[in-house]
Amino acid sequence: MKIGNPLDRDTNHGPQNHEAHLQKLVEYCQHGVEEGATLVCGGRQVSRPGFFFEPTVFTDVEDHMFIAKEESFGPIMIISRFADGDVDTVLSRANATEFGLASGIFTKDINKALYVSDKLEAGTVFVNTYNKTDVAAPFGGFKQSGFGKDLGEAALNEYLRVKTVTFEY
């Protein structure tokens, strides 16, 4: 994952937008370690000018942990285990969060991808990719992850006030 200038097409993640958010990411990672998740890589500020944060991966994350329940809005991935083939339990666990901005599914089984993407309570579902968006596709979350949509025709509807008037003459 290339960290750098967000105007460079090869960049995957730019700087955090302010120092306070960068510090929140550091604290987020400290919570993960303190609660017993395994920090595989990252978890620190990048050693360069600016508010850049290292790509970070945690494994052995359990549902009750802070990092499983809170959105980081940083280059942080958490990985949790689940029983092989138990898709409905995975869906139940994924939907138990109060957030629902985006989710990702990686599978070779198209039927499973369609089933899971339909059942996930997230505004955007990526299948076999992540964070690949199109300006024509609406983007926005469910639950506590936002109201309304950005991009696409759905975003234009945010500026409209639709009214129905029924007359009998």
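Reply: Let's start with lysine 143, which forms a salt bridge with glutamate 121, their closest N and O atoms being 3.0 Å apart. Lysine 143 belongs to strand β7 (residues 142-143), while glutamate 121 sits in the loop between α4 (110-119) and β6 (124-127), so this pair ties together parts that lie 22 residues apart in sequence. The helices and strands here are DSSP runs, numbered from the N terminus: a helix is H or I over at least four residues, and a strand is E over at least two. A salt bridge means that a side-chain nitrogen of Lys or Arg is within 4 Å of a carboxyl oxygen of Asp or Glu. Side chains of opposite charge can pair when their charged atoms come close.

Before going on, a word on what you are looking at. This is a predicted model, in which local features need pLDDT of at least 70 and side-chain atom pairs count only at pLDDT 80 or more, while totals for chains, interfaces and linings use all residues. Residues are numbered from 1 along each chain as its sequence is written, and side-chain values use heavy atoms, leaving out hydrogens and water.

By the salt-bridge rule, the count comes to 4. Among them is the pair of glutamate 54 and arginine 44, with closest N and O atoms 3.4 Å apart. Both residues of that pair lie in the loop between β1 (38-41) and β2 (56-59), 10 residues apart.

Another of the salt bridges joins lysine 2 to aspartate 8, where the closest N and O atoms are 3.1 Å apart. Lysine 2 is partly exposed, with a relative accessible area of 38%, and aspartate 8 is partly exposed as well, at 29%.

Terms used: Buried means under 20% relative accessible area, exposed over 50%, partly exposed in between (1.4 Å probe, protein chains only).
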